[in-house]
Amino acid sequence: MANLFKRENLAPEFQVLSQGKANIEVSGYDNWNGGTTIYGIYCRVPLELYSNIELEIQAIEQSIKNKAETLFRSYPESWVGEVVISPELVDEIHGKAYKISHEDLVTLLEAQKSVMVSVSTGGARVEDVNTEYQSNQPEISEALRERGLDNPNPFKDLWEWYGKWSDGSLPTYQSRRAFVSNMFSTIIETIKGMKTASINPLFEEPTGWNRVDRSMGEIKLRLAQASSEEQFQGIGLLARETLISLAQAVYVSELHPSTDGTVLSKTDAKRMLEAYISYVLPGKSNENIRRHAKASLDLANDLIHRRTADFRLAALSAESTNAVVNILSIISGRRDRG
């Protein structure tokens with residue numbers, strides 16, 4: 001099949017079958033007419049390829065299915081029931097997004113290091129700084145665990161550290177400084193060598209619009225992983241689909257008429273969202289809120305339709321789309337407490 005698609009200059013289908021790992025498996029059986037075995041073709045493709053063709057997946061699956069059916073004509077007792085293209089599973093996420101950025105984690109580690117040196121060399125008193133030290137320890141340990149790293153600092157509070165340096169094993173200020181420096185130096189250098197891809201902690205909880213939530217989660221993951229122009233463009237395409245899903249979730253044609261009275265298509269996200277915003281936020285008192293919401297929408301709409309893409313444009317597209325989602329989730333009441 002791959003060779004047939006290549007001869008027909010159908011690049012996406014050829015790429016899926018030549019770059020991916022394809023299996024043909026029995027997926028069902030029909031007793032009709034003496035019995036028919038139903039097969040499924042399952043293609044697992046590299047993540048980068050999947051990202052490039054994701055918006056065409058259904059069409060490519062149907063194209064491969066049609067081609068397979070022509071080959072299966074020699075086997076009347078068998079037929080192809082489905083073709084499924086999925087991304088190949090990987091063991092790790094490169095540039096993974098963390099709740100605490102690498103820079104902030106290094107700052108916390110440096111602060112713990114500094115206060116441990118201070119209390120053991122005639123500086124701050126344990127009772128004055130112990131509470132802050134204790135509050136930072138769990139946060140540091142959790143951030144390190146998320147990165148698959150162990151916390152090299154075993155002292156849960158500064159009194160434990162006091163017990164260590166006052167037992168005679170670290171008799172001088174220099175020995176205490178050296179002990180603390182050696183304990184933190186490797187982990188700090190390791191964190192500094194990691195790429196940062198932090199996420200906005202504001203409104204991390206889902207909106208409840210399932211398709212929108214799935215899309216935003218995918219955008220954040222893609223942004224953390226993207227490295228090529230095609231992948232950055234894919235983020236813009238996914239952002240556009242997110243806005244369409246958002247518009248379809250909130251827009252009701254009977255309640256939210258367009259500004260010019262025309263009937264809006266189901267993919268005209270910008271005008272659907274503008275109509276919804278105007279309806280939910282009417283009047284002069286809401287003018288500034290309405291203007292801000294529409295400005296965020298205009299920015300997102302502009303960015304996702306640009307043909308060039310790099311990290312900055314992709315990040316701006318993701319952030320502006322996220323802003324529109326959060327604004328709409330707020331004014332729709334989905335962020336209300338209680």
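Glu88 counts as partly exposed because its relative accessibility is 24%, where partly exposed lies between buried (under 20% relative accessible area) and exposed (over 50%), computed with a 1.4 Å probe on protein chains only. This is a predicted model, in which local features need pLDDT of at least 70 and side-chain atom pairs count only at pLDDT 80 or more, while totals for chains, interfaces and linings use all residues. Residues are numbered from 1 along each chain as its sequence is written, and side-chain values use heavy atoms, with hydrogens and water left out.

Glu88 lies in the loop that runs between β3 (78-87) and α5 (102-120); helices (H or I, at least four residues) and strands (E, at least two) are DSSP runs, numbered from the N terminus. Leaving out residues up to four places away in sequence, Glu88 touches Lys21, Arg44, Val45 and Pro46, contact meaning heavy atoms within 4.5 Å.

Ile219, in helix α9, is buried, with a relative accessible area of 1%. Beyond its neighbours within four places in sequence, Ile219 is in contact with Ile235, Leu238, Ala239, Thr242 and Ala318.

Arg125 belongs to the loop between α5 and α6 (126-146). With a relative accessibility of 48%, Arg125 counts as partly exposed.

The table gives one C-alpha separation for each of these residues.

| Pair | Separation in sequence | C-alpha to C-alpha distance |
|---|---|---|
| Glu88 and Asp298 | 210 residues | 35 Å |
| Ile219 and Ser317 | 98 residues | 9.7 Å |
| Arg125 and Val115 | 10 residues | 9.6 Å |

### Packing of α2 with α4

Helix α2 (residues 11-19) packs with helix α4 (residues 57-71) at an angle of about 80°, and their axes are 10 Å apart. Axes are lines fitted to C-alpha atoms, for helices over the stretch in contact, and angles run from 0 to 180 degrees between N-to-C directions. The angle makes α2 roughly perpendicular to α4, a term that covers 65 to 115 degrees. On the α2 side the contact is made by Pro12, Glu13, Val16 and Leu17, and on the α4 side by Ile60, Ser63 and Ile64. By class, the contact of α2 with α4 has five nonpolar, one polar and one charged residues. Nonpolar here means Ala, Val, Leu, Ile, Met, Phe, Trp, Tyr, Cys and Pro, charged means Asp, Glu, Lys and Arg, and the others, Gly among them, are polar.

### Cavities

The structure holds two cavities of 30 Å³ or more. A cavity is a set of points on a 1 Å grid over the protein atoms alone where a 1.4 Å probe fits but cannot get out, and lining residues have an atom within 4 Å of a point.

The largest cavity contains about 70 Å³ of space. Its lining consists of Leu47, Glu48, Ser51, Arg222, Gln225, Ala226, Gln231 and Ile235. The elements giving two or more residues to this lining are α3 (47-53), α9 (210-225) and α10 (229-250). Of the elements, α3 gives the most to the lining of the largest cavity, with three residues.

The second largest cavity has a volume of about 50 Å³. It is lined by Ser51, Asn52, Glu54, Leu55, Arg222, Gly234, Leu237 and Leu238. Here α3 and α10 are the elements that give two or more residues, and α10 gives the most, with three. This lining divides into three nonpolar, three polar and two charged residues.

Methods. On a 1 Å grid over the protein atoms alone, a cavity is a set of points where a 1.4 Å probe fits but cannot get out, and a pocket is an open set with protein on both sides within 12 Å along at least five of seven lines; lining residues have an atom within 4 Å of a point. Grid points are joined across faces, edges and corners, and a volume is the space filled by probe spheres set on the points. Angles under 35 degrees count as roughly parallel, over 145 as roughly antiparallel, 65 to 115 as roughly perpendicular and the rest as oblique.
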